[in-house]
Amino acid sequence: HFLKGYMDQLLLNIHPVPKKTMGNFVVGKNSECLSSIENLISFNDHFFMYIWGESGSGKSHLASALRSKNVNVIEDVEKLDNDQQIKLFNLFNESKRLHKKLVITGNDAPNKMNLRPDLASRLSWELVYQIKLLTDNEKKVALESYAAQKGMSLDKKIISYCMANLKRDLHSLILTLDALDEWSLKAKRPVTIPLLIQLLKK
């Protein structure tokens with residue numbers, strides 16, 4: 001078992017998963033939001049931002065990138081129960097008082113998630129941005145760039161096949177590429193459509 005874990009780690013080291021950074025986030029139609037995030041990180045004009053969007057829009061990528069810049073991020077506000085919402089309301093007020101940067105993410109606009117009214121109004125106070133989903137072409141570019149960062153050699157037909165036959169959100173597509181890469185390394189076989197079809201049957 002130890003040996004298997006060691007081998008798995010060796011394989012991961014060959015093609016490590018790229019860190020989620022501001023630089024490798026595929027902007028799409030979100031350039032205004034991205035530039036506001038960069039400003040939030042670099043300057044002190046604002047202390048707070050609320051970011052919302054559908055699953056797979058890239059909120060968790062931005063959350064990871066922000067945390068790496070020492071910004072406090074609370075994700076998925078819609079999942080918080082009443083007590084957690086009160087704590088978050090207090091955290092917001094404390095962050096404002098101390099001018100400590102805070103970013104909160106959710107799956108909808110602040111007033112559409114049945115949150116406590118006091119919290120919903122706080123989330124709307126400063127910057128609010130909706131992350132717009134990427135187009136299919138933008139997703140293809142994102143996947144090609146992700147594969148290149150991992151050092152995978154990947155035929156564009158593989159990406160087209162994934163887009164045509166699998167769940168189309170970027171998160172699922174990236175997980176598929178990771179699984180395909182890992183399996184191809186273990187099986188010592190190049191990444192091909194037949195290999196992908198075999199993987200999907202597992």
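1. Asn30 is found in the loop between α1 (2-14) and α2 (31-42); helices (H or I, at least four residues) and strands (E, at least two) are DSSP runs, numbered from the N terminus. At 2% relative accessibility, Asn30 counts as buried, where buried means under 20% relative accessible area, exposed over 50% and partly exposed in between, with a 1.4 Å probe and protein chains only. A polar atom of the Asn30 side chain lies 2.7 Å from the backbone nitrogen of Lys132.

2. On the basis of the note: the model is predicted, so that local features need pLDDT of at least 70 and side-chain atom pairs count only at pLDDT 80 or more, while totals for chains, interfaces and linings use all residues. Residues are numbered from 1 along each chain as its sequence is written, and side-chain values use heavy atoms, with hydrogens and water left out.

3. Four aromatic pairs are counted; rings of Phe, Tyr and Trp (its six-membered ring) pair if their centres lie within 6.5 Å, and planes under 30 degrees apart count as stacked, over 60 as edge-to-face and the rest as tilted. One of the pairs, Phe47 with Phe48, is tilted, at 6.0 Å centre to centre and 40 degrees between the planes. Both Phe47 and Phe48 are buried.

4. Why is the pair of Phe92 and Trp125 edge-to-face? The ring centres of Phe92 and Trp125 are 5.8 Å apart and their planes stand at 75 degrees, so the pair falls in that class. Phe92 lies in helix α4 (residues 82-98) and Trp125 in the loop between α5 and β4 (127-130), so the pair ties together parts that are 33 residues apart in sequence. Phe92 is buried, with a relative accessible area of 0%, whereas Trp125 is partly exposed, at 46%. Phe47, Phe48, Phe92 and Trp125 form one aromatic cluster.

5. The largest pocket holds about 710 Å³ of space. Of the 34 residues that line this pocket, the closest to its centre are Lys20, Gly58, Ser60, His61 and His171. On a 1 Å grid over the protein atoms alone, a pocket is an open set of points with protein on both sides within 12 Å along at least five of seven lines, a cavity is a set where a 1.4 Å probe fits but cannot get out, and lining residues have an atom within 4 Å of a point. Grid points are joined across faces, edges and corners, and a volume is the space filled by probe spheres set on the points. Helix α8 (170-187) gives the largest share of the pocket lining, five residues.

6. A search of the whole structure finds one cavity of 30 Å³ or more, and the largest cavity has a volume of about 40 Å³. Its lining consists of Ser36, Asn39, Leu40, Phe43, Asn44, Asp45, His46 and Leu127, and α2 gives the most, with three residues.

7. Two asparagines have positive phi values. Asn70, in the loop between α3 (59-67) and β2 (72-74), has a phi of about 65 degrees although it is not a glycine, and is exposed at 73% relative accessible area. For Asn114, in the loop between β3 (102-106) and α5 (117-123), phi is near 55 degrees; Asn114 is exposed at 78% relative accessibility.

How values were computed: Polar contact = N/O pair within 3.5 Å; in protein donor to acceptor, adjacent residues only side chain to side chain.
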